[in-house]
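Welcome! Please take a look at the structure below, and then let us walk through some of its features together.

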Amino acid sequence: MQTGDRRMRRWLALLIVLLVIGMSLSQDDACPALQNEALASLTELCAAQEAGTLCLGHDTVTPVLRGRAEAVGRFNEPGDAIAIDAIDWLSVSSEDRTWGLARALFPAYAEDSLEARDAALLAVGNVALFFPKAAERPETLSEVKVAAARGANLRARPSTAAPVIAKLALSRELGAIGRSANGNWLLIYATPELRGWISRSVVSAPLVDLPALPADADAAPLWLPWQRFDFHSGMGDAPCPVAPASGILLQTPKLSPPRHFQINGARIALSGTAWLQAQVSRGMLLHVIDGRSQVATDVGAQNVRSGKYTAIALNRNDNGELVPVGAPAAPQAYDYHALTVLPVAALPSPAKVGLDVYTVAEPAPAGGGSPLEALPADAPCKFSALLAGANVRSRPDPNAPVIAVMAYRESAEPLARGIGVDRLPWWKLSDRIWVRVDATVAGGNCNALPLIKADS
């Protein structure tokens, strides 16, 4: 496809999104009814969705295929699914009496290896996504491992005099795609982006014959479809307080090595669930709602944990693509209450919206004493966590998700007391933020706190 045609299509897609971003859904009973309808439709009709497909959750979702590619499947009615590897760009929008929603399931390489596992993306509201063509997997990709106990050097060329690109540890899994003319060196991938030459003597034997390659041979980074993309979204466009704004939810297995993505030119390693939004004027925002992430550009990186977000300034290059400007900002606590309406129930794995505990609690005293020392009896009620810590939950129910943990002697001032579903007393710190009383010790005038219903 010619550059001019591709640029025109990008601008057309962006124009569509910008037009619909200016529209808002009616503030009457249509909100959040339309959102609930779309989520119910996706949850039910896409329940059997296969990996490598995009499933339609609601109307106003338009995929544009790459060149003359033909999609496998159909995409006309909610529940329909098509193969993702043929999609060039995707427009998801909200119009009068509709709400855009679509979910993709796809494999993604781990951050530091060639291990591919499941990932998911949920596009919500007004979003446009652009997908560059993924590099074709080499015809020969033989699995080998570092066998030398001292590890191995990955070099720029097949020579011990060549610069060392990286040091690889014993048992590191690699993908070999070729050999030197004399057979003494292998051209390998160590990660989807890290590739070079390694001595044949320090790795296990290839499983298949490898082609002979010149010393200056290179290979394109291995990106699977949807592991690298650009996107734009609405911001602050929630149609009502109980509905989410536009953006994308990205999810990878939380208890496994992080999955690696390149989004709007930024490198993102994610283990868990993140909420992303992007506009040229406001940059890209990445909120880690469950798990952890590392966000990096060429000039800096930030580690972001659950309950926090980072921002990256964006610019547009000559091809119309969004690119990062500068380093990611220092992580900050996000607005927990604004994100509790995110449609995490539509993701394939359970997820919760985490809380930065210091938005409702204070750190333990630096000297190691109790925060309740010298607290007058008529002071506002205050409690601190016991030695084992105190779980912070989204409702007064021991089976509710743990959204944060208060460590020993961290403290907070509750707004009220309530009796939970377990018939035990709980402290209410804010809407959807509760701590059970028996995990704490309290001081001050706690009898002055109102006693409220647990669901208040």
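## The largest pocket

Let us begin with open space: the largest pocket of this predicted model holds about 360 Å³. Its lining is made up of 23 residues, and those closest to the centre of the pocket are Ala245, Trp275, Gln277, Ala338 and Leu339. The largest share comes from α3, with three residues.

## A cluster of aromatic rings

Next, the rings. A search of the whole structure turns up six aromatic pairs. In one of them, Phe106 and Trp226, the ring centres are 6.1 Å apart and the planes meet at 45°, so this pair is tilted. Phe106 belongs to strand β5 (residues 101-109), while Trp226 sits in the loop between β13 (195-199) and β14 (228-233); the pair links distant parts of the chain, 120 residues apart. Are these two residues buried or exposed? Both Phe106 and Trp226 are buried.

Phe131 and Phe229 form another tilted aromatic pair, with 5.9 Å from centre to centre and 50° between the planes. Phe131 is found in the loop between β7 (127-130) and β8 (142-145), and Phe229 in strand β14, so their pairing ties together parts that lie 98 residues apart in sequence. Phe131 counts as buried because its relative accessibility is 2%, and Phe229 counts as buried because its value is 0%. Ring pairs join Phe106, Phe131, Trp226, Phe229, Phe231 and Phe261 into a cluster.

## Two disulfides

How many disulfides does a search of the whole structure find? There are two. One is formed by Cys46 and Cys55, whose sulfur atoms are 2.0 Å apart. The torsion about the S-S bond of Cys46 and Cys55 is about -85°, so this disulfide is left-handed. Cys46 has a relative accessible area of 1% and is therefore buried; Cys55, at 1% relative accessibility, counts as buried too.

The other disulfide joins Cys381 to Cys446, with 2.0 Å from S to S. The link of Cys381 and Cys446 is right-handed, with 80° about the S-S bond. Cys381 lies in the loop between α3 and β23 (382-385), and Cys446 in the loop between β30 (440-443) and β31, so the pair ties together parts that are 65 residues apart in sequence. Cys381 is buried, with a relative accessible area of 4%, and Cys446 is buried as well, with 13%.

## An open sheet of six strands

Six strands make up an open sheet with mixed pairing, in the order β25-β24-β29-β28-β27-β31.

Terms used: Residues numbered from 1 in each chain as written. Predicted model: local features only at pLDDT ≥ 70, side-chain atom pairs only at ≥ 80, totals over all residues. Heavy atoms only, no water. Pairing = 2+ DSSP bridges. Helix = DSSP H or I, 4+ residues; strand = E, 2+ residues; numbered from the N terminus. Phe/Tyr/Trp six-rings, centres within 6.5 Å; stacked < 30°, edge-to-face > 60°. Buried < 20%, exposed > 50% of the residue type's maximum accessible area, 1.4 Å probe, protein only. 1 Å grid on protein atoms, 1.4 Å probe; cavity = no way out; pocket = protein on both sides within 12 Å on 5 of 7 lines; lining within 4 Å. Points joined across faces, edges and corners; volume = space filled by probe spheres on them. Disulfide = S-S within 2.5 Å.
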